[in-house]
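I opened this notebook to keep track of what I looked up, entry by entry.

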Amino acid sequence: MTTRVLILGGGYVGLYTALELKKRAGRHVDVTIVDRRPYMTYQPFLPEAAAGSIEPRHSVVPLRREMKGSRVIQGRVAAIRHDQRQVDVTSDYGDERTLEYDELVVALGSVSRTLPIPGLKEFAIGFKYVEEAINLRNRVLGRLARAASTDDPDLRRRLLTFVFVGGGFAGVEAFAETEDMARAALRYHPELSAKDLRFVMVEMMPRILPEMGEEMGEYTLKELRDRGMEVYLETKLESCVDGHVELSNGEAFEADTVVWTAGVKPSPILGSSDLPLGPKGHVICAPTLQVTDEDGTVVEGAWAAGDCAQVPDLTKEQPAYCAPSAQHAVRQARHLGANLADHLRGRELTDYKHKHLGLVASLGLNKGVADVMGVKLRGWPAWFMHRTYHMSQIPTFNRKARVVLDWTTALFFRRDLVSMGRIHEPRRAFTEAADS
Ligand SMILES: Cc1cc2nc3c(=O)[nH]c(=O)nc-3n(C[C@H](O)[C@H](O)[C@H](O)COP(=O)(O)OP(=O)(O)OC[C@H]3O[C@@H](n4cnc5c(N)ncnc54)[C@H](O)[C@@H]3O)c2cc1C
């Protein structure tokens with residue numbers, strides 16, 4: 001008999017669970033993946049995609065190509081009724097359908113965790129998806145080009161002021177990589193100089209990069225400040241209505257770009273499901289990655305992992321939960337796939353246990369910071385380690401090869417720093433032609 005397995009979300013967890021399950025249970029499972037996007041996003045490469053070091057398309061993995069033998073449905077999960085084994089899916093065009101299943105894997109990941117700050121929703125941009133990375137790159141390069149073409153000093157100042165809110169891992173990488181690209185692009189704008197660029201980071205906590213420990217956080221802070229970047233600690237963004245930025249330390253200035261990188265929260269769609277959720281909105285899981293209720297009773301037929309799941313971290317004193325990271329997501333996914341295959345064969349399940357190995361971060365070309373299993377690296381060695389590690393981790397040989405080719409080409413011909421800003425208004429030239 002074939003078991004219908006429905007996987008919600010085709011990111012790290014969705015893709016790796018499906019691959020593992022197919023490998024172990026083969027023709028005994030009928031796997032369907034639902035995702036809004038037809039690809040898995042390799043998020044650690046988004047800062048490099050935003051900085052023009054790799055082609056954005058190469059930081060995503062096409063699901064249909066990798067998931068041969070499984071069904072991929074592009075659509076938004078709108079509701080989960082596990083008691084009826086049903087999920088409602090809506091396409092971007094409004095078409096609705098209901099999918100039925102025997103076993104459910106919840107892999108919906110997380111979304112940006114925002115705050116009710118005036119102007120934030122209307123003016124800022126997030127940094128979790130490839131479209132946001134492409135937009136940021138075009139935006140920064142476009143602002144440079146426009147600033148170089150104006151004589152208005154106030155407008156120029158505003159165009160060249162870039163604010164990043166949130167000094168966690170993803171925020172620091174995006175901040176440092178984008179500044180590095182903007183600085184490199186100055187060579188094509190003799191009207192501008194490095195002192196015209198203003199990169200500002202706002203962080204509520206007393207330090208940045210908390211995921212890497214105090215020593216590396218302080219090193220990174222000094223590095224960024226030495227590059228002329230402004231980092232405000234213990235400071236909040238109070239408002240950014242129409243780009244008028246107000247900070248809790250009393251500073252106020254105009255900025256044309258505000259990037260929100262202040263953390264994530266589990267996919268809000270889980271709120272319209274009948275699955276048991278923890279205090280922060282994650283699906284509650286046992287170490288076997290089966291969904292459980294608050295008392296620890298297994299909810300039959302439901303599994304979860306990754307950023308949307310509250311998975312006990314068995315390497316720490318309980319209660320402690322695994323942090324949202326690709327490192328856990330990939331390993332949990334493989335474990336989940338193996339456990340689900342064993343469950344279908346009536347075998348005993350095993351617990352997920354993984355000690356976080358550390359992190360590597362890129363701070364721009366040839367600059368980086370790393371703390372891996374207690375070994376701390378700075379500058380070029382850390383940057384090299386970052387590239388080597390992520391090249392080995394991005395799924396499929398196809399993507400690895402394309403990324404290495406991007407890096408190699410950039411080595412000989414420099415990275416491509418042309419703004420494709422007009423890509424965001426593709427009908428403009430045509431409508432102007434029609435109007436004339
Ligand atoms: C810029 C950046 C850099 C990072 N760098 C690192 C790093 O270097 N190391 C590290 O360990 N971690 C890193 N992370 C974190 C890591 O990428 C995440 O922890 C990981 O992606 C979580 O995997 P996941 O499968 O749970 O979620 P995701 O990979 O986010 O997948 C969730 C999927 O669900 C889909 N989805 C969501 N809602 C719906 C819906 N309603 N309907 C249909 N589909 C939906 C999404 O489109 C997405 O494809 C980084 C994150 C970011 C943003």
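Predicted model: local features only at pLDDT ≥ 70, side-chain atom pairs only at ≥ 80, totals over all residues.

**Entry: the ligand**

I looked up the surroundings of the ligand and found 30 residues, the closest being D35, Q43, V77, D307 and A326. Next I searched for polar contacts, meaning pairs of N or O atoms within 3.5 Å. The side chain of D35 has an N or O atom 2.6 Å from an oxygen atom of the ligand. A backbone N or O atom of Y12 lies 3.2 Å from a ligand oxygen atom, and for a backbone N or O atom of Q327 I also noted 3.2 Å to an oxygen atom of the ligand. On its own the ligand has 1,000 Å² of accessible area, of which the protein covers 93% (Shrake-Rupley method, 1.4 Å probe).

Helix 9 gives the most, with three residues.

By class I recorded 13 nonpolar, eleven polar and six charged residues in the shell; Asp, Glu, Lys and Arg count as charged, Ala, Val, Leu, Ile, Met, Phe, Trp, Tyr, Cys and Pro as nonpolar, and the others, Gly among them, as polar.

**Entry: the domains**

The chain is divided into domain 1 (3-36 + 75-112 + 264-344) and domain 2 (120-262 + 358-400), with bounds from an automatic or database domain assignment. Their C-alpha centres lie 32 Å apart, and the contact between them (heavy atoms within 4.5 Å) takes eight residues from domain 1 and nine residues from domain 2. Each of the two domains also gives at least three residues to the shell around the ligand.

Is N138 buried or exposed? I found N138 in helix 5 (residues 130-148), and it counts as buried because its relative accessible area is 7%, where buried means under 20%, exposed over 50% and partly exposed in between (1.4 Å probe, protein chains only). Not counting residues up to four places away in sequence, N138 touches S419, M420, G421, I423 and H424.

T150 lies in the loop between helix 5 and helix 6 (153-159) and is buried too, with a relative accessible area of 14%. Its contacts, leaving aside neighbours within four places in sequence, are with L155 and R156.

**Entry: backbone points**

Most residues other than glycine have a negative phi, and most peptide bonds are trans. L209, in the loop between strand 12 (198-202) and helix 8 (214-226), has a positive phi near 50° and is buried at 0% relative accessible area. R414, which is not a glycine, has a positive phi of about 65°. The peptide bond from Q318 to P319 is cis, with omega near 0°, and P319 is found in the loop between strand 22 (309-310) and helix 9.

Conventions. Residues numbered from 1 in each chain as written. Heavy atoms only, no water. Near = heavy atom within 4 Å. Polar contact = N/O pair within 3.5 Å; in protein donor to acceptor, adjacent residues only side chain to side chain. Helix = DSSP H or I, 4+ residues; strand = E, 2+ residues; numbered from the N terminus.
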